[in-house]
Amino acid sequence: MSPTLLLRRVNLLEGPGLPARRADVLLAGRRILAIDAAADAPADQQGAISLDAAQLWIGPALVDPHSVLEDPQLGRAETLTSLAETARIGGYGSVALLPWSTPWRDRPDRFDLSWPAPLRLLLWGAFSQAGEDKDLAPHADQLAGGACGLACGPSLPPLALLERGLRLGEMGQQPLLVAPWDPSLSQQGFVREGVEALRGGWPMDPPLSELLPLQSLLTLADALPEAPLRLMNLSTAGAVELLRRCPGPGRPLATVGWWHLLADSGNLDPAAEGWRLRPSLGGPSDREALIDALAEGSLSAVAVHHQALDAEECLLPLDQRRPGLAGHGLVLPMLWQELVERRGWPPSLLWHVLCWGPCQFLGIAPSRLSQGSSDWILFDPTAAAGFSPGRDPSLASNRPVQGLDALRGWVVAAGISAPECWSLPLIRSH
């Protein structure tokens, strides 16, 4: 039988624009039965277990605006099932998958993937056929088939093709996701130019590989102010400054990858996982600029951009393996430590960039806590993290695992999880 729990004085993150506050919340299994004074009478009637939740935070489940799953059914590095479990454990109730799969998701008959409720799987459609940037994919058909928007590949497509697709207008106001990166300018490097990269002897990727494509995209956005452009994974201080200069109403919404907020070429161990990324890992000044831009709203959302690699591929030298990093289960506790505890962010701001900002980026209704909802998570920032490589259901081998013994914070209960999966001893300890 599902437990009925009354969370006394829990820290409530109710919805976008609302400050955090203390409240009593009554849970009937996965559902929120009542909030505030309305929780008392039903709690008495149902014999609820009353818990002191003063150190816990309850808010809507997190939203990942873009990640990658190459083979949903038979993948060696990740499957649809394993991704659902690792997202659930990390507090992610919604994940939007890019069309970068085998085969590319560029036709409406390839939108047959789903997760059991209350988890929500969103699917980006393809801008071009097979992601080859030669011919446009059938935009209207994909959107009618359930696509949440359209996405290009990992690099900037030809501007003529991009402009043609936007002017055709088949996507309406559904978002078009573009990565501001030009591989011909990257010099095959994978760490941004800087003193730290030079000292480490890393192959350097000049900032121009991001800045020049971004300038082109911002010019296009200015010429087509109604175009629903979205920018994927900005990574440099220069890109942030370019975005700031863009006029407010015409400025595209943009994401930043979670790892770029935590690691840079000056603080990451040379032997650690997390060097081989696309876009490239930046230096300390890049990381500080990205955090500041996220806090002020120039950047809209944090993306997990999950790209799983199997154990065999992770044995290759860094310059021979594909870029990518996995880790839905690590995002919330690591960003809480970095942004809330070390930098003094209010938890409501962290929830904004992990939940409500991604909703806006995807063009979906913002998540809110309300009676009857099961789209909630309960986070304990003081709990020893329940994550370990052996417990994470992800099949990916490219997860950052150094320093996990000192990591604090865990999703101890969630409406997106069955009650038998909750860490009730951790809750009762408070």
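Trainee: Where is H305 in the chain?
Mentor: H305 sits in the loop between β15 (301-303) and α9 (311-314). Keep in mind that this is a predicted model.

Trainee: What is the phi of H305?
Mentor: Phi of H305 is near 45°. That is a positive value in a residue other than glycine. Most residues other than glycine have a negative phi.

Trainee: Is H305 buried or exposed?
Mentor: H305 is buried, with a relative accessible area of 8%. The cut-off for buried is under 20%.

Trainee: And Q188, what is its phi?
Mentor: Q188 has a positive phi of about 60°, and it is not a glycine. Look for Q188 in the loop between β10 (176-178) and β11 (191-192).

Trainee: Buried or exposed, that Q188?
Mentor: Q188 is exposed. Its relative accessible area is 75%.

Trainee: New topic. Which peptide bond at P118 is cis?
Mentor: The bond from A117 to P118 is cis, with omega near 10°. P118 is in the loop between β7 (92-97) and β8 (120-126). Most peptide bonds are trans.

Trainee: What about R278 and P279, what joins them?
Mentor: A cis peptide bond, with omega about 5°. P279 lies in the loop between β14 (253-257) and α8 (284-296).

Trainee: Let's zoom out. How many helices and strands does the chain have?
Mentor: The protein chain has 12 helices and 17 strands. Its radius of gyration is 21 Å, close to the 22 Å that the globule rule gives for 430 residues, so the chain is as compact as a globular protein of that length.

Trainee: How much of the chain is buried?
Mentor: Buried residues make up 60% of the 430 residues.

Trainee: Which residues touch the most other members of the largest nonpolar core?
Mentor: L176, W258, W259, L335, W351 and L354 do, in a core of 110 residues. Helix α11 (residues 347-362) gives the most to this core, with 10 residues.

Trainee: What does W351 touch?
Mentor: Leaving out residues up to four places away in sequence, its contacts include L13, P60, L332, W336 and F379.

Trainee: And the second core, how many residues are in it?
Mentor: That separate core has 21 residues, among them L5, I32, L369 and V412.

Trainee: Last one. How far apart are the mean positions of the positive and negative charges?
Mentor: They are 3 Å apart, for 33 positive and 46 negative charges.

Conventions: Residues numbered from 1 in each chain as written. Predicted model: local features only at pLDDT ≥ 70, side-chain atom pairs only at ≥ 80, totals over all residues. Heavy atoms only, no water. Core = buried A, V, L, I, M, F, W, Y, C linked by side-chain atoms within 4.5 Å. Buried < 20%, exposed > 50% of the residue type's maximum accessible area, 1.4 Å probe, protein only. Helix = DSSP H or I, 4+ residues; strand = E, 2+ residues; numbered from the N terminus. Contact = heavy atoms within 4.5 Å. Rg over C-alpha atoms; globule rule 2.2 N^0.38 Å. Lys, Arg positive; Asp, Glu negative; His and termini not counted. Charge placed at Lys NZ, Arg CZ, Asp CG, Glu CD.
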